[in-house]
Amino acid sequence: MNWLIGVMLASCAVSGWLVVISRDPKRQVFALCGNSLVLALLFFVLQAPDVAFSEIAVDTVVVPLLFLITLAAIAINKLRR
Amino acid sequence: MTTRWRLIVLLPAFLALGAAAATIILGLPAFGHPLTRYGTAVNTLAPALRNVSNAVTSVMYDFRGIDTLGEESMLICAVTAAVMLLRGRRGEGETESAGRLPGRAWADHTDSMVLMCRLFATTVLLFGVYVVLHGMVTPGGGFQGGVIAASSFTLLYLGGGYAVWRRMLHSQALVALEGAGALVYVLCAAVPLAFGYAALQNVLPLGTWKDLYSGGLMVIINIGVGIAVIGSFGALLLEFMEETRAPKGKPEEGET
Amino acid sequence: MSVLAWCVVAWLLGVGIYGIVTSRHFVHLIGCLSVCQSATYVLLLGIGFRWGAGPPIFYDHPPGTPAVDPVVQALVLTDIVVSAAMSALLLAIALQVHKRRGTLDPQHLRPLRPFE
């Protein structure tokens with residue numbers, strides 16, 4: 001279990017960094033999905049199934065969807081101007 | 001301010017933050033050896049005192065119930081503010097079709113796709129309700145299950161397209177759900193006060209351990225939170241989706 | 001190992017702040033903010049973790065077996081949902097900014113200009 005927590009923590013740090021360096025918002029949405037999936041796995045390893053459940057439902061599904069809808073609305077707005 | 005100047009301003013802030021973080025990291029207890037007596041006490045007492053097998057839920061709705069009431073009002077405030085901002089200049093009128101960018105592929109909604117999406121939307125909604133109801137027993141509860149149930153609405157959009165989605169979801173109904181769920185929580189806090197108990201005191205019979213009804217008042221609060229979360233996330237999705245609709249009276253170009 | 005978790009927390013917070021400061025797009029900025037928020041989740045769950053303990057759900061194993069701290073888990077649980085709603089609020093504000101100003105680049109926005 002010891003090494004598993006270490007690996008999950010390290011990949012969590014890497015995926016957080018990837019979210020920041022993906023400067024194109026469309027790509028960043030998918031980086032965010034990956035980041036929250038890694039976080040959810042970390043929470044499972046840290047013996048917090050409730051929190052992992054919440055993370056998967058909220059940050060892997062609903063929040064990226066809101067980001068995508070916002071980007072679509074911005075693109076449509078730009079077309080209208 | 002250019003990016004370069006921003007970075008120059010950021011540097012001293014990072015130096016100060018780094019020093020503070022190093023001090024805190026060296027002062028924190030070693031990972032995996034917590035000193036939390038409160039958590040240990042809750043783990044020992046929650047199953048015996050409240051007949052609940054999920055200690056996290058018992059902390060959320062009972063031992064720290066007022067705290068969660070505050071969190072839920074924060075959720076409601078944020079959702080209300082977002083809905084007001086989005087509706088602000090747009091109004092509540094509807095058009096029949098969503099806006100689309102020229103050059104994007106246009107896929108027709110076949111009957112099989114509509115059917116599959118509706119079947120899966122029902123399944124996901126039921127799963128969300130299941131997760132809400134079993135919050136006392138297994139991992140889950142009002143917050144997680146509510147979000148799962150609300151995400152089933154997007155499958156309706158995927159299957160039927162914009163017009164069907166608008167016909168099936170009513171913003172008033174979702175907002176009413178949101179308010180009703182919050183009202184249930186507030187009533188659970190206020191009604192014991194009226195009979196001379198403390199706010200949120202668990203006055204109902206506690207039920208049996210490992211049963212769907214276990215934890216007394218927590219069951220009602222959990223369902224209330226679930227309803228509020230379904231309503232608020234459904235309203236958020238609906239209002240954000242409204243932003244992408246086509247302008248009124250303007251025909252769609254390139255649509256076949 | 002004992003400081004790795006806290007270093008990851010500091011790294012996530014620092015990287016998130018760096019992203020916010022250098023961001024050229026408000027939607028990107030909101031994504032960086034959610035990285036900062038994830039630092040708090042890792043910190044809280046790391047504080048509650050205990051070697052050799054199970055999850056704080058006493059369904060399969062009887063009450064009394066060692067389990068991790070449920071209090072911090074309850075805090076993180078509500079935190080995640082509320083922060084999602086806050087992200088939605090910020091996205092709504094970004095949409096309004098784009099409608100009124102036509103840009104989402106913080107460097108092209110000038111404060112306190114009357115709406116034309």
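Trainee: Hi! Starting with C:Ile93: is it buried, partly exposed or exposed, and why?

Mentor: C:Ile93 counts as partly exposed because 16 other C-beta atoms lie within 10 Å, and a residue needs 20 or more to be called buried. Keep in mind that this is a predicted model.

Trainee: Which element does C:Ile93 lie in?

Mentor: C:Ile93 belongs to helix 3 of chain C.

Trainee: And how far is C:Ile93 from C:Phe26, in sequence and in space?

Mentor: In sequence, C:Ile93 and C:Phe26 are 67 residues apart. In space their C-alpha atoms are 9.6 Å apart.

Trainee: OK, on to confidence. What does the predictor give for the complex?

Mentor: The complex gets an ipTM of 0.91 and a pTM of 0.90. Chain C has an average pLDDT of 88, with 94% of its residues at 70 or above. For chain B the average is 86, and 91% of the residues score at least 70.

Trainee: Where in chain B does pLDDT stay under 50?

Mentor: That happens over residues 249-256 of chain B. The model has six contacts beyond four places in sequence for that stretch. Where pLDDT is low, the predicted coordinates should not be read in detail.

Trainee: Good to know. How many helices and strands are there in chain A?

Mentor: Chain A has three helices and zero strands, so the pattern along its sequence reads α-α-α.

Trainee: What's the radius of gyration of chain A, and what would a compact globule of 81 residues have?

Mentor: Chain A has 15 Å, whereas a compact globule of 81 residues would be near 12 Å. Along the principal axes, the C-alpha trace of chain A spans about 55 × 25 × 10 Å.

Trainee: What percentage of chain A is buried?

Mentor: Buried residues are 53% of the 81 residues in chain A. As for contacts in chain A with a separation of 6 or more, 47% are between residues 24 or more positions apart.

Trainee: Let's zoom in on helix 2 of chain A. What should it span, and why?

Mentor: Helix 2 of chain A covers residues 25-45, and at 1.5 Å a residue its 21 residues should span 30 Å. The end C-alpha atoms are 30 Å apart, which agrees.

Trainee: Which residues in that helix 2 of chain A are buried?

Mentor: Among them are A:Val29, A:Leu32, A:Ser36, A:Leu39 and A:Phe43. An α-helix has 3.6 residues a turn, so residues three or four places apart point the same way.

Trainee: And what covers the buried residues of helix 2 of chain A?

Mentor: The cover includes helix 1 (2-21) and helix 3 (49-80) of chain A, together with helix 2 (26-48) of chain C.

Trainee: Switching to interfaces: how many residues of chain C are in contact with chain B?

Mentor: There are 40 residues of chain C in contact with 46 residues of chain B. On the chain C side, the largest share comes from helix 3 of chain C, with 16 residues. By class, that side of chain C has 29 nonpolar, nine polar and two charged residues.

Trainee: And how many residues does the contact take from chain B and chain A?

Mentor: That contact takes 18 residues from chain B and 18 residues from chain A. Helix 6 of chain B gives the most to the chain B side, with five residues. The classes on that side of chain B are eleven nonpolar, six polar and one charged.

Trainee: Last one: how many residues has the largest nonpolar core?

Mentor: The largest nonpolar core has 132 residues. Those with the most contacts inside it include B:Val147, C:Val42 and C:Ala88. Leaving out residues up to four places away in sequence, C:Ala88 touches A:Leu66, B:Ala78, B:Ala82 and B:Leu236.

Terms used:
Residues numbered from 1 in each chain as written. Chains lettered and ligands numbered in written order. Predicted model: local features only at pLDDT ≥ 70, side-chain atom pairs only at ≥ 80, totals over all residues. Contact = placed C-beta atoms within 7 Å. Helix = DSSP H or I, 4+ residues; strand = E, 2+ residues; numbered from the N terminus. Nonpolar A, V, L, I, M, F, W, Y, C, P; charged D, E, K, R; others polar. Rg over C-alpha atoms; globule rule 2.2 N^0.38 Å. Buried ≥ 20, exposed ≤ 12 C-beta atoms within 10 Å, placed from the backbone. Core = buried A, V, L, I, M, F, W, Y, C linked by C-beta atoms within 7 Å. pLDDT = per-residue confidence, 0-100. Expected span 1.5 Å × (residues − 1).
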